[in-house]
Amino acid sequence: MKHFVFKCSVVVLLCSAAVLSQRSQSSLTWKIDNLGKISGNAVSIVGHPQVIDAPGGKAIAFDGVGDSLLLNTNPLAGAEAFTVEAVFRPEAGGAKEQRWFHIQEDNSENRVLLETRLVEDEWFLDTYIRSGENNRTLYAENFKHPLGAWYQVALVFDGKEMRHYVEGLEEMSGPLTISPLTAGKTSIGVRMNRVYWFKGAVQKVRFTQRALQPSEFMKKN
């Protein structure tokens with residue numbers, strides 16, 4: 001009987017490990033720490049973004065007037081549910097409205113956006129998803145944060161609802177139904193059409209093709 005219980009425990013542990021492994025494999029992390037390649041993708045550089053020191057490694061700094069990176073890939077292509085996380089530092093002196101992370105489907109207006117809004121020496125998160133005629137904006141003007149610090153933010157879509165978080169705390173949510181995005185591009189530091197430039201730094205971004213819980217979010221360092 002003891003041997004049977006031991007074998008069952010081993011099976012449970014192995015199954016749990018397999019589930020955890022499968023979940024971790026579904027995530028893709030981009031380290032935004034160089035101007036050559038990001039996760040094997042060639043980078044097109046606009047302006048003069050700079051590699052800087054950041055907690056636990058490097059990051060890319062953007063001047064808020066003409067710096068950005070463009071990658072010819074959509075890491076969310078085909079995802080029916082997803083989580084986009086980022087570690088970034090918004091800085092003072094930038095424009096009031098800034099589109100600092102933008103994924104857009106080729107030949108359509110379907111897109112995912114992470115944005116900031118500045119109010120004096122604070123900022124708040126503004127997120128947006130669009131697919132066809134369906135779209136939603138989460139404009140978290142009641143959740144302001146000091147500029148100049150590093151933050152972990154997350155945009156979660158579970159197939160029925162869109163939510164966003166700052167430092168693991170949910171700020172806003174709302175219902176949304178979309179079709180999975182297809183192939184496209186990713187812009188960091190500005191909206192794809194080069195308006196609303198970002199002043200600050202981005203260290204890493206992680207994409208998971210399922211809706212994560214806050215306990216599963218990546219750490220800043």
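Reader: How many helices and strands does the secondary structure of the protein chain come to?

Author: The model is a predicted one. In the protein chain, 46% of the 221 residues count as buried. Among contacts with a separation of 6 or more, 66% are between residues 24 or more positions apart. The secondary structure amounts to one helix and 17 strands.

Reader: Which residue in E16 is the bridge partner of Ile103?

Author: Strand E16 spans residues 184-188, and four of its five residues are buried. Strand E8 (residues 97-105) pairs with E16 in the antiparallel sense over five bridges. Within E16, the partner of Ile103 is Thr186.

Reader: Is Phe143 buried or exposed, or does it fall in between?

Author: Phe143 lies in the loop between strand E11 (134-139) and strand E12 (145-146). Leaving aside residues up to four places away in sequence, Phe143 touches Trp123, Phe124 and Glu171. Its relative accessible area is 33%. Buried means under 20% and exposed over 50%, so the class in between applies, and Phe143 is partly exposed.

Reader: How far apart in space are Phe143 and Leu125, C-alpha to C-alpha?

Author: In sequence, Phe143 and Leu125 are separated by 18 residues. In space, their C-alpha to C-alpha distance is 7.9 Å.

Definitions and conventions: Residues are numbered from 1 along each chain as its sequence is written. This is a predicted model: local features need pLDDT of at least 70, side-chain atom pairs count only at pLDDT 80 or more; totals for chains, interfaces and linings use all residues. Side-chain values use heavy atoms; hydrogens and water are left out. Buried means under 20% relative accessible area, exposed over 50%, partly exposed in between (1.4 Å probe, protein chains only). Helices (H or I, at least four residues) and strands (E, at least two) are DSSP runs, numbered from the N terminus. Two strands pair if DSSP finds at least two bridges between them. Contact means heavy atoms within 4.5 Å.
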